Amino acid sequence: MLSLRRRDIVCQQAVEMVTDYLEGSLPRRSRRRFEAHLRACPNCAAYIEQIKLTIELTGTIEPEDLTPEAKADLTELYRRWRSE
Ligand SMILES: [Zn+2]
């Protein structure tokens with residue numbers, strides 16, 4: 001659960017952690033922080049949705065390639081992915 005000195009990561013940090021998070025290489029503590037940030041930050045939640053879609057489509061992580069349409073379409077996909 002939450003530690004006594006939980007420090008929220010900022011969006012910049014969250015973005016930098018995304019690839020490691022999705023690859024499963026993020027340390028457990030960082031992963032928990034990252035997930036906590038996603039729950040608190042709709043912007044980052046949307047961002048990771050885009051990245052997840054990119055991975056699904058291309059097998060690589062290139063968020064710059066994402067379109068607004070892709071972003072919208074990914075909401076459902078991401079929810080499914082999270083629930084697994
Ligand atoms: Zn954020």
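Modeller: Begin with burial. A residue is buried if 20 or more other C-beta atoms lie within 10 Å of its own, exposed if 12 or fewer, and partly exposed in between; the C-beta atoms are placed from the backbone. In helix 1, the buried residues are Ala 14, Met 17 and Val 18. This is a predicted model: local features need pLDDT of at least 70, side-chain atom pairs count only at pLDDT 80 or more, and totals for chains, interfaces and linings use all residues. Residues are numbered from 1 along each chain as its sequence is written.

Colleague: How many helices and strands does the chain have?

Modeller: Helices (H or I, at least four residues) and strands (E, at least two) are DSSP runs, numbered from the N terminus. Here there are four helices and zero strands. Along the sequence the pattern reads α-α-α-α. Of the 84 residues, 17% count as buried.

Colleague: What span is expected for helix 1, and what does it reach?

Modeller: The expected span is 1.5 Å times one less than the number of residues. Helix 1 covers residues 11-23, which is 13 residues. Its first and last C-alpha atoms are 19 Å apart, close to the expected 18 Å. Helix 3 has 17 residues, so it should span 24 Å, and its end C-alpha atoms agree at 24 Å.

Colleague: Where does helix 1 bend?

Modeller: A bend at a residue is the angle between two fitted axes, one for the seven residues ending there and one for the seven starting there. In helix 1, the bend is about 45°, at Met 17. Just after helix 1 comes Gly 24, with a positive phi of about 80°. Gly 59 follows helix 3, and its phi is also positive, near 80°.

Colleague: Which helices do the buried residues of helix 1 pack against?

Modeller: Think in contacts: two residues are in contact if their C-beta atoms, placed from the backbone, lie within 7 Å. The buried residues of helix 1 pack against helix 2 (28-40) and helix 3 (42-58). Helix 3 has buried residues too, including Cys 44, Ile 48 and Ile 51. Glu 49 and Gln 50 are also buried there.

Colleague: Which residues make up the largest nonpolar core?

Modeller: In soluble globular proteins, nonpolar side chains tend to be buried together. A nonpolar core is a set of buried Ala, Val, Leu, Ile, Met, Phe, Trp, Tyr and Cys residues joined through C-beta atoms within 7 Å. The largest one here has seven residues: Ala 14, Met 17, Val 18, Leu 38, Cys 44, Ile 48 and Ile 51. Leaving aside neighbours within four places in sequence, Ile 48 is in contact with Val 18 and Leu 38.

Colleague: Why does Phe 34 count as partly exposed?

Modeller: Count its neighbours. Phe 34 has 19 C-beta neighbours inside 10 Å, so it counts as partly exposed. Phe 34 lies in helix 2. Not counting residues up to four places away in sequence, it touches Ile 9, Ala 14, Met 17, Tyr 21 and Leu 26. Phe 34 and Tyr 21 are 13 residues apart along the chain, with 8.0 Å between their C-alpha atoms.

Colleague: How far apart in space are Lys 52 and Leu 22?

Modeller: Keep sequence and space separate. Lys 52 and Leu 22 are 30 residues apart in sequence, but 7.8 Å apart from C-alpha to C-alpha. Lys 52 lies in helix 3. Lys 52 is partly exposed because 18 C-beta neighbours lie inside 10 Å.
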